[in-house]
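Please read it alongside the sequence and the structure.

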Amino acid sequence: MWRISLWVMVSCLISLHVSAQDIVIDSIAESGRKWWLPKSAVLQHAGSIGYISAGVGYDLNKKGKTTLDLLYGHVPKSKGGPLNIFTAKIAWRPFAIRLWDWGILHPLNPGFFISYHGGRHFDSKWDDNNYPKGYYWWSTAIRPHISISHELILIPKNIKASLPLDKIGLYVEYNANELYLISHFQNKEVSTIQKTFKMGFGLRAYF
Amino acid sequence: MCRFVMFRAVYFSVVFLTFLVFYGCGRLEYSPNQIFDKYSPRDLNAKNLSRLYELQDTTDDTIRFVLTGDTQRAYDQAARLVKVVNRYEKLDFVFLNGDISDFGLLQEMKIMAEVYDGLKVPYISIIGNHDLVANGQAVFERMFGARNFSFIYKDVKFVCHDTNSREYHFDKTAPDLPWLTQELAGGADIAGIIGISHVPPVSDDFDQDMRQAYESMIVDHPKYLANFHSHVNSHSISYPQNGAVPFIISNAVINSEFLYVEVIHDKLVRYENVAY
């Protein structure tokens, strides 16, 4: 199962890169950086992709306003697991509010991500030998989510010149997966936005 | 100057994060497939049963219960059902006969437990095929209890069991015939037996190789009063093997119907399909 999980992650990475390369290629030519070197590192708590998840971020445009993150998350047994989750996440930062010389606030950042649960209880497709066609219609392993986040970026160098990092982002993200959304729209009375959108928060170090 | 900027930056970050974290603390989710969270209830069947015995009216022989099934993602219909069932003045308990969830997710079972918690009487939950999807089995077992269990109320034994054969790839573990044999044996103090399970034997999701043995066990039992099922989303009654034991299937909560049943000692006095 682990091998399959890795393969999915790698193919996800490759396919996303094929589509992303056109955009990224200009900035690589200018900066001379290797395209596969990440532009940021991410550490996240909760947010439906692990108790703790960690990964790398790539810029999909020159200004780095659109990012692609690849993360691995884990839920330990003591927190309702064990679960191993791989995530590919794209987020846009359409608005930026400059906070004096030490920070930037990205107040509303829409995004989209796909999570993949590894392990024997989760499958990307149903066993045809066991289930008639269309018996269940959703995948237990692959979950698409929509998200919205707020990010506060600190510029350590402007605070103190000797600090090493370019930027540090603190973010809070709300997400809903497709199954929660379907249930939400079908149940106007019982289902609330609070029950549908789940929270996570994290830290992003920009290189 | 430097110190002031640093102070302001740290101050802003702390305010930013504390505000948002406080605001959304109950919404933290590690995965839709997590087995439990900080707020999810535990052992609801055991808790409801002990409440049932506490509330028991020892002067009344009649057992009155409502059988509901297939709530799946119909939270609103389930909420309406609770209101309707709460109007019954003399009711002992309610069965939630499987497919509590649609996708086998913690969130769904939590919501349904919250809705059924609005019932005035205790409710007993049985596992359905949708509850066995993904991590569903572990979620169900922690939140509600065992897949196969029985209890005696007044002088009737209720045998709740897992008949979701397809979810076990027809490996002959569901229904668990050795367990059922044991449950149906003996019990001189019992006047009658009622079986409750999600998938009826007429369904292809029930292991057809086990059907004959399963039905015989029930039909040939002298104290068996009735077998109740859900799953097929329509109400029906049949008498397998031309026996005397009715196999009654309830409609789904999605379709806004349930069964009302009355039992006295060794007799199924009344059953009614209620649309609401």
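## A strand residue in chain A

Thr66(A) is partly exposed, because 19 other C-beta atoms lie within 10 Å. The cut-offs are as follows: a residue is buried with 20 or more other C-beta atoms within 10 Å of its own, exposed with 12 or fewer, and partly exposed in between, the C-beta atoms being placed from the backbone. The model is predicted, so local features need pLDDT of at least 70 and side-chain atom pairs count only at pLDDT 80 or more, while totals for chains, interfaces and linings use all residues. Residues are numbered from 1 along each chain as its sequence is written, and chains are lettered from A and ligands numbered from 1 in the order in which they are written.

Thr66(A) belongs to strand S3 (residues 66-75) of chain A. Helices (H or I, at least four residues) and strands (E, at least two) are DSSP runs, numbered from the N terminus. Leaving aside residues up to four places away in sequence, Thr66(A) touches Leu60(A), Asn61(A), Ile90(A) and Trp92(A); two residues are in contact if their C-beta atoms, placed from the backbone, lie within 7 Å. Asn109(A) is 43 residues from Thr66(A) along the chain, and their C-alpha atoms are separated by 9.5 Å.

## The two chains

| Chain | Residues | Buried |
|---|---|---|
| Chain A | 207 residues | 38% |
| Chain B | 276 residues | 45% |

Chain A has four helices and nine strands, in the order α-β-β-β-β-β-β-β-α-β-α-α-β from the N terminus. Of the contacts in chain A between residues at least 6 apart in sequence, 57% join residues at least 24 apart.

Chain B has seven helices and 11 strands. Its C-alpha trace spans about 90 × 45 × 35 Å along the principal axes. Of the contacts in chain B with a separation of 6 or more, 75% are between residues 24 or more positions apart.

## The open sheet of chain B

Six strands of chain B form an open sheet with mixed pairing, in the order S4-S5-S6-S7-S9-S8. Two strands pair if DSSP finds at least two bridges between them. Strand S4 (149-153) and strand S8 (236-238) of chain B are at the edges with a single partner strand each, so one side of each is left without a neighbour in the sheet. From one strand to the next, the twist averages 20°.

Strand S5 (residues 156-161) and strand S6 (residues 192-197) of chain B pair in the parallel sense over six bridges, with Lys157(B) opposite Ile193(B). S6(B) and S7(B) also run parallel, joined by four bridges, and here Ile193(B) stands opposite Tyr224(B). Strand S7 (residues 224-229) of chain B has five of its six residues buried, so it is largely enclosed by the rest of the structure.

## Helix packing and cores

Helix H6 (residues 177-184) and helix H7 (residues 208-219) of chain B have axes that come within 11 Å and cross at roughly 5°. Axes are lines fitted to C-alpha atoms, for helices over the stretch in contact, and angles run from 0 to 180 degrees between N-to-C directions. H6(B) and H7(B) are therefore roughly parallel to each other; angles under 35 degrees count as roughly parallel, over 145 as roughly antiparallel, 65 to 115 as roughly perpendicular and the rest as oblique. In this contact, Leu177(B), Leu180(B), Thr181(B) and Leu184(B) of H6(B) meet Met210(B), Ala213(B), Tyr214(B) and Met217(B) of H7(B).

The largest nonpolar core has 84 residues, and those with the most contacts inside it are Phe65(B), Leu67(B), Val94(B), Phe95(B) and Ile194(B). A nonpolar core is a set of buried Ala, Val, Leu, Ile, Met, Phe, Trp, Tyr and Cys residues joined through C-beta atoms within 7 Å. Helix H4 (residues 106-116) of chain B gives the most to this core, with six residues. Eight of the 11 residues of H4(B) are buried, so this helix is largely enclosed by the rest of the structure. The cover over the buried residues of H4(B) includes H3 and H4 of chain A.

## The contact between the chains

The contact takes 45 residues from chain A and 37 residues from chain B. Elements of chain A that each supply at least two residues to the side touching chain B include strand S6 (103-118), strand S7 (142-154) and helix H3 (178-186).
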